[in-house]
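Biologist: Thanks for sitting down with me over this model. Could you walk me through it, one question at a time?

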Amino acid sequence: MGASEGLTDWVRRAAHGEASAYSEIYRRTRPLVARLVGGFAQLDSDEVEDVIQETFVRAFRALPRLKEPGAFESWLLSIARNRARTRLERKSSTRRLEEDVADPEPEPVPHIPEALQLERDIEVVRRLIAELPEGEEKRTVHLFYVEGELSAREIAEKLGVGKSAVTMRLERFRSRIKRELLRRVLAGRWE
């Protein structure tokens, strides 16, 4: 029985779920896969090892669907070649993206005077208050943040509710503002 015939037998056994067959296939074919993947000079040793592992994981998962066990070696090497190419494409794309993003001389950002920044922040809060649906929460928030002269206790008395209702409405609004400001910052736009 030749070497490839012996491998074919192990492939059949593995396809039928024999666990020890997987180890034997790996032992016999890893050097072939390592030579092929190692030939991709742009891959470093860690990447080569990753590709080898990915190759065997994919091959072993798909092994029951392999129609011709005698074609296992060429099939395995095709998987390895495709995994290596995919890794190189990903590496190349990442490198291009990093080059596009890299900005050796960032443009100076003009300093916004503190008073102007405070005015912009206040305007954002006012807009958020204006966008609230009409109701008790909007009225409470308007009294506290826009008119700004009454305490939470005084607002509660004016609206005829408990102080805890006022503080709950204010907390809910603060939470909404935090989410909205974070969304705007992450979206890259302030106004």
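Modeller: Gladly! Helices here are DSSP runs of H or I with at least four residues, and strands are runs of E with at least two, numbered from the N terminus. Please keep in mind that this is a predicted model.

Biologist: With that in hand, in what order do the elements of the protein run from the N terminus on?

Modeller: The protein has zero strands and eight helices. From the N terminus on, the order is therefore α-α-α-α-α-α-α-α.

Biologist: Is Arg87 buried or exposed?

Modeller: Arg87 sits in helix 4. Leaving aside residues up to four places away in sequence, Arg87 touches Leu43, Glu47, Asp50, Val51 and Glu54. Its relative accessible area is 13%, and the cut-off is under 20%, so Arg87 counts as buried.

Biologist: Which residue's side chain makes a polar contact with the side chain of Arg87?

Modeller: Glu54 is already on the list of residues that Arg87 touches. The two side chains make a polar contact at 2.6 Å, so the partner is Glu54.

Biologist: Moving on to helix 6, why does Glu137 count as buried?

Modeller: Glu137 belongs to helix 6 (residues 136–147). Beyond residues up to four places away in sequence, Glu137 touches Arg169, Arg172, Phe173 and Arg176. Buried means under 20% relative accessible area, and Glu137 qualifies because its value is 17%.

Biologist: How far apart are the end C-alpha atoms of helix 6?

Modeller: Helix 6 has 12 residues, so at 1.5 Å a residue it should span 16 Å. The distance in the model agrees with that: 15 Å.

Biologist: Last one: which residue with a positive phi follows helix 6?

Modeller: Helix 6 covers residues 136–147. The residue that follows has a phi near 60 degrees, and that residue is Gly148.

Key:
Residues are numbered from 1 along each chain as its sequence is written. This is a predicted model: local features need pLDDT of at least 70, side-chain atom pairs count only at pLDDT 80 or more; totals for chains, interfaces and linings use all residues. Side-chain values use heavy atoms; hydrogens and water are left out. Buried means under 20% relative accessible area, exposed over 50%, partly exposed in between (1.4 Å probe, protein chains only). Contact means heavy atoms within 4.5 Å. The expected span of a helix is 1.5 Å times one less than its number of residues. A polar contact is a pair of N or O atoms within 3.5 Å; within protein, one must be able to donate a hydrogen and the other to accept it, and residues adjacent in sequence count only if both atoms are side-chain atoms.
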